[in-house]
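Dear colleague,

Please find below the structure that I am handing over to you.

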Amino acid sequence: MLIRPARADDAAAIWSIIGPTIRAGETYALDPQLGEAEALAYWLGADKDTFVAEDEGTILGTYYIRANQAGGGAHVSNCGYMTSAAATGRGIAGRMCEHSLEYARSRGFKAMQFNFVVSTNDRAVRLWEKLGFEVVGRLPSAFDHPSHGYVDALVMFRNL
């Protein structure tokens, strides 16, 4: 598997991954009705470095990394990760996170923070904890889940 910077010609493959995830409305605090152009503009925004995970020419996942805050908070990175249904259980998200940690270090970031991990996203919470992240905050009933109703969101953090 290869993780590489996203290119303009990856947009359709990226949309095929982020579109269904956004539409499901279960893991990201994004409007489920967000259109393709708006979603791609968000994911590929100039404030982010975006990558894809590719296996034998097929893009199975994508992530972005950016500074979590400006100014005095710019030394902490923030990422978002999404994988295709075909990638489920193949370790793609873990490999992308490991790549992002190394990339963050190479860019001079001192830590990584996930601002809003939906508490019902058990697989993600377990993976982030396995990779050294700790829950440092809980936002009670901060996310309106389409099937579970109001659930907590977690703030997760690790030093680099």
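**Salt bridges**

A network of salt bridges links Arg4, Asp10 and Glu54. Here a salt bridge is a side-chain nitrogen of Lys or Arg within 4 Å of a carboxyl oxygen of Asp or Glu. This is a predicted model, in which local features need pLDDT of at least 70 and side-chain atom pairs count only at pLDDT 80 or more, while totals for chains, interfaces and linings use all residues. Residues are numbered from 1 along each chain as its sequence is written, and side-chain values use heavy atoms, with hydrogens and water left out.

Searching the whole structure gives 9 salt bridges. One of them joins the side chains of Arg7 and Asp9, with an N to O distance of 3.1 Å. For accessibility, buried means under 20% relative accessible area, exposed means over 50%, and partly exposed lies in between (1.4 Å probe, protein chains only). By these limits Arg7 is partly exposed at 44%, whereas Asp9 is exposed at 59%.

Asp47 takes part in a salt bridge with Lys48, where the closest N and O atoms are 3.2 Å apart. Asp47 is partly exposed, with a relative accessibility of 48%, but Lys48 is buried, at 9%. Asp47 also meets the side chain of Arg66 in a salt bridge of 3.7 Å, N to O. Arg66 belongs to strand E3 (residues 58–67) and Asp47 to the loop between helix H2 (36–43) and strand E2 (49–55), so this pair ties together parts that are 19 residues apart in sequence. Helices (H or I, at least four residues) and strands (E, at least two) are DSSP runs, numbered from the N terminus.

**Cysteines**

How many disulfides does a search of the whole structure find? The search returns 0 disulfides, a disulfide being a pair of cysteine sulfur atoms within 2.5 Å. Cys79 is in no disulfide, and the nearest cysteine sulfur, that of Cys97, is 7.0 Å away. Cys79 is buried, at 8% relative accessibility. Cys97 is likewise in no disulfide, its nearest cysteine sulfur being that of Cys79 at 7.0 Å. Cys97 is also buried, with a relative accessible area of 0%.

Yours sincerely
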